[in-house]
Amino acid sequence: MSEPSGSGTIRFLDLRASYLELKEEIDEAVARVLQSGWYLLGKELEAFECEFAAYTESRHCAGVANGLEGLVLSLKALGVGPGDEVIVPSNTYIATWLAVSQAGATPVPVEPIPGVWNLDPDRIEAALTPRTKVILPVHLYGQPADLAPILGLARKHGLRVLEDAAQAHGARYGGKRIGAHGDLVSWSFYPGKNLGCFGDGGAVTTDDPVLVDRIRTLRNYGSRVKYQNDIKGHNSRLDELQAAVLRVKLKHLDTWNGRRVSIAKRYLEGFAGHAAIGLPKVIAGVAPAWHLFVIDVPSRDPLRAALEARGVETLIHYPVPPHLSEAFAHDQAWGEFSIAEQAAQTHLSLPMGPHLSAEAVARVTESVLRALSSL
């Protein structure tokens with residue numbers, strides 16, 4: 001667990017503690033793979049794909065190398081390519097945009113709902129053109145995007161929906177787990193995720209057997225049968241070691257998410273009524289996975305420095321909106337997406353994770369309030 005209140009540094013996320021809690025199970029799983037002599041596209045991956053599909057209430061799952069590859073392969077499976085446009089959030093990790101570019105298409109940004117920070121369904125239609133092919137909502141910070149109006153809009157215009165669920169393992173929308181509301185759902189198992197492996201890893205879930213077959217073909221050099229290559233594919237496979245680790249962690253995901261929910265509740269109660277702190281707004285009908293707990297504070301940078309001095313680690317998700325990054329700066333300019341730009345200047349992510357103690361949460365809360373009172 002995190003250090004007790006009053007002493008030591010409270011880390012943003014304690015990955016070592018996650019391993020130590022499950023050490024015996026994980027060590028056994030790793031040894032099983034090593035002793036098998038089979039390290040790619042084997043029984044561990046097949047088992048994990050079945051188990052994760054069942055967990056996400058989807059029919060199919062394909063393991064891939066990482067979350068970015070999951071998005072790229074999904075877009076290609078949906079037939080996206082040069083000349084096409086994809087609706088993306090203006091505020092997200094740049095991987096969402098990079099996937100569109102790597103598929104040969106153009107990302108078209110749409111602003112989020114302030115306070116919720118997910119793609120605003122009411123702004124999407126104005127951004128559609130005859131070249132739009134896919135809407136790509138991100139379940140940012142672990143809170144599901146408002147999928148019902150997005151899916152309705154997609155049906156109205158004959159578009160496909162690809163969900164970026166890299167931060168939403170275990171989250172629910174309308175009582176159903178994130179996993180197959182849209183046509184495809186891409187996942188990341190980066191170590192810091194709610195369900196993370198010991199390196200890079202990813203997956204795609206869907207109810208569509210044709211789409212999952214395309215993903216599996218694309219991930220393996222465009223091959224269904226060894227040395228027979230049907231299409232120009234990728235080398236993008238979730239290896240047996242990572243699949244075995246994920247199988248262990250998946251069994252504990254709901255318990256760990258429950259701890260995150262408790263931490264979020266303590267933060268919300270501790271900061272309630274404080275005018276200087278913008279708290280996350282949870283829309284009706286969703287159950288967030290609370291991958292991150294992000295507050296909105298005008299004095300973000302001084303507050304972060306004060307917290308660091310008090311031994312509280314924080315992060316900024318994300319300090320540069322994709323449209324202002326060097327990678328995309330030639331496409332858009334400062335001022336075009338003011339909501340995303342404001343968020344980049346005021347968002348602060350507080351410590352969050354399944355091994356953060358109640359005492360540590362209380363110390364973080366107290367430190368934030370005291371720091372703000374002196375700024």
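Biologist: What makes the approach between the side chain of Gln143 and the backbone oxygen of Lys281 a polar contact?

Modeller: In this predicted model, a polar atom of the Gln143 side chain lies 2.9 Å from the backbone oxygen of Lys281, and because a polar contact is a pair of N or O atoms within 3.5 Å, with one able to donate a hydrogen and the other to accept it, the pair qualifies.

Biologist: Where in the chain is Gln143 found, and how do you know whether it is buried or exposed?

Modeller: Gln143 is in the loop between β4 (132–135) and α7 (147–157). Its relative accessible area is 7%, and since buried means under 20%, Gln143 is called buried. Leaving aside neighbours within four places in sequence, Gln143 is in contact with Val116, Asn118, Lys281, Val282, Ile283, Val286 and Pro288.

Biologist: Why is the pair of Asp14 and Arg11 called a salt bridge?

Modeller: Their side chains meet with 3.7 Å from N to O, and the cut-off for a side-chain nitrogen of Lys or Arg and a carboxyl oxygen of Asp or Glu is 4 Å, so the pair passes. Side chains of opposite charge can pair when their charged atoms come close. As for cover, Asp14 has a relative accessible area of 18% and is therefore buried, whereas Arg11, with 39%, is partly exposed.

Biologist: What makes the salt bridge of Arg59 and Asp207 a link between distant parts of the chain?

Modeller: The side chains of Arg59 and Asp207 meet at 3.7 Å, N to O. Arg59 belongs to the loop between α3 (43–55) and β1 (60–64), Asp207 belongs to the loop between β9 (202–206) and α8 (209–219), and the two are 148 residues apart. Arg59 has a relative accessible area of 62%, and because exposed means over 50%, it is called exposed, while Asp207, at 26%, is partly exposed.

Biologist: How do you know that Lys156 and Glu125 form a salt bridge, and which parts does the pair tie together?

Modeller: The distance from N to O is 2.9 Å, which is within the 4 Å required, so the pair counts as a salt bridge. Lys156 lies in helix α7 and Glu125 in the loop between α6 (121–124) and β4, so parts that are 31 residues apart in sequence are tied together. Lys156 counts as exposed at 59% relative accessibility, and Glu125, with 35%, is partly exposed.

Biologist: How many salt bridges does the rule give, and which residues are linked in a network of them?

Modeller: The count comes to 21 salt bridges, and a network of them links Arg32, Glu44, Glu51 and Arg247.

Biologist: What makes a group of residues a nonpolar core, and which residues have the most contacts inside the largest one?

Modeller: The residues must be buried, must be of kinds such as Ala, Val, Leu, Ile or Phe, and must be joined through side-chain atoms within 4.5 Å. The largest core has 42 residues, and those with the most contacts inside it are Phe48, Phe52, Ile87, Ile124, Ile135, Ile178 and Phe189. At least two residues of this core come from each of α3, β3 (106–110), α7, β8 (184–188) and α9 (240–250). Not counting residues up to four places away in sequence, Ile124 touches Ile87, Val110, Leu119, Ile135, Ile150 and Leu153. A second, separate core has 26 residues, among them Leu78, Ala99, Ala103 and Ala105.

Biologist: Why is α9 described as mostly covered?

Modeller: Nine of the eleven residues of α9 are buried, including Glu240, Val245 and Leu250, and the buried residues pack against α2 (23–36), α3 and α10 (253–271).

Biologist: How do you know that the size of the protein chain agrees with that of a compact globule?

Modeller: For 375 residues a compact globule would have a radius of gyration near 21 Å, and the protein chain has 21 Å, so the values agree. Of the 375 residues, 56% count as buried.

Notes. Residues are numbered from 1 along each chain as its sequence is written. This is a predicted model: local features need pLDDT of at least 70, side-chain atom pairs count only at pLDDT 80 or more; totals for chains, interfaces and linings use all residues. Side-chain values use heavy atoms; hydrogens and water are left out. Helices (H or I, at least four residues) and strands (E, at least two) are DSSP runs, numbered from the N terminus. Buried means under 20% relative accessible area, exposed over 50%, partly exposed in between (1.4 Å probe, protein chains only). Contact means heavy atoms within 4.5 Å. The radius of gyration is taken over C-alpha atoms; the globule rule is 2.2 Å times the number of residues to the power 0.38.
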